[in-house]
Amino acid sequence: MIQNAFDAFNSERYEEALELFETLALQNNPTALSSLGYMHQKGLGVESSLERAYHLYLQAAALDEPAAIYNLALMVADGIVVAHDQYKAHELLIRASVLGFAQAQYEAALSLERGIGCVQNFSEAAFWYEEAAKRGNPNAFNNLGVLYKEGHGVIQDYPKAFICFSRAAAMDIPEAQYNLGLLYDQGLGCEADHDIALEWCRKAAYNGHEKAKSIIRSLQEEGKIVF
């Protein structure tokens, strides 16, 4: 039944999905509870209710449903329904991370890198970025690359930074495309190649990276390139 519910949801047959999720939620199915919470939060097939969403997420979280725990973390961080509590939000992110939820792992790493809701810890940030990257999170690849490039929380390793930036750049992350261009320009972790560096800078600019756009604009004004 859960697959039928997801099929209906993905086909935007929200009323049908809602009915199926509600039936499963009555059986304490954690995935259904979490999905039902999301539908109430977004107003899909039902009138939006953040309070109802919050309580459904709580029920699912009590059954260790990672997506529900992650969504609770976001609500706590933003002060939605409950009081804003960045420390509690971080605790929830870690809990969802331990359960293997990639986006929570990325957000937990970001908190650890910046010291938001926790003590700043670059090595733990690197650990969770790596876990999120293993699960295909493109931004985690980029941020892990930055830590390897700068030697924050890990031993400085330009070849590893190059690999990380390359993976994220291939997934169209503008910051990673710009960072990869810098490595090619400076010959860090790879053989220096200014043409390839410029090409990645162009891609980053095209994808909205402001610094890359500024560089390309300056080069154009100087007559060094034709975009």
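Me: Helices are DSSP runs of H or I with at least four residues, strands are E runs of at least two, and both are numbered from the N terminus. How many helices and strands are there in the protein?

Reply: The protein has 13 helices and zero strands. Read along the sequence, the pattern is α-α-α-α-α-α-α-α-α-α-α-α-α. This is a predicted model, where local features need pLDDT of at least 70 and side-chain atom pairs pLDDT 80 or more, while totals for chains, interfaces and linings use all residues. Residues are numbered from 1 along each chain as its sequence is written, and side-chain values use heavy atoms, without hydrogens and water.

Me: What does the C-alpha trace span along its principal axes?

Reply: The trace spans about 65 × 40 × 30 Å. Of the 227 residues, 44% count as buried (under 20% relative accessible area; exposed is over 50%, partly exposed in between; 1.4 Å probe, protein chains only).

Me: Among contacts between residues at least 6 apart in sequence, how many join residues at least 24 apart?

Reply: The share is 39%. Contact means heavy atoms within 4.5 Å.

Me: Now helix packing. How are α6 and α7 placed?

Reply: Two packed helices are described by the angle between their axes and the distance between the axes. Here α6 (residues 86–98) and α7 (residues 102–114) pack at about 135°, with axes 8 Å apart. Axes are lines fitted to C-alpha atoms, for helices over the stretch in contact; angles run from 0 to 180 degrees between N-to-C directions. The pair α6 and α7 is therefore oblique (under 35 degrees is roughly parallel, over 145 roughly antiparallel, 65 to 115 roughly perpendicular, the rest oblique).

Me: Which residues in α6 and α7 meet?

Reply: From α6 come His90, Leu93, Ile94, Ala96 and Ser97. They meet Ala104, Gln105, Glu107, Ala108, Ser111 and Leu112 in α7. By class, the residues of this contact divide into six nonpolar, four polar and one charged (nonpolar: Ala, Val, Leu, Ile, Met, Phe, Trp, Tyr, Cys, Pro; charged: Asp, Glu, Lys, Arg; polar: the others, Gly among them).

Me: At what angle do α4 and α5 cross?

Reply: The axes of α4 and α5 cross at roughly 135° and come within 8 Å. So α4 and α5 are oblique to each other. On the α4 side, the contact is made by Leu50, Tyr54, Tyr57, Leu58, Ala60 and Ala61. On the α5 side, Ala68, Ile69, Asn71, Leu72 and Met75 take part. This contact has ten nonpolar, one polar and no charged residues.

Me: Which residues have the most contacts inside the largest nonpolar core?

Reply: A nonpolar core is a set of buried Ala, Val, Leu, Ile, Met, Phe, Trp, Tyr and Cys residues joined through side-chain atoms within 4.5 Å. The largest has 34 residues, and Phe21 and Met39 have the most contacts inside it. α1 (2–10), α2 (14–25), α3 (30–42), α4 (50–62), α5 (66–78), α6 and α7 each supply at least two of its residues. α5 gives the largest share, eight residues. Apart from this core lies another, of 32 residues, including Leu110, Ala132, Ala140 and Phe162.

Me: What is Met39 in contact with, leaving aside neighbours within four places in sequence?

Reply: Met39 is in contact with Phe9, Tyr14, Ala17, Leu18, Phe21, Leu44 and Val46.
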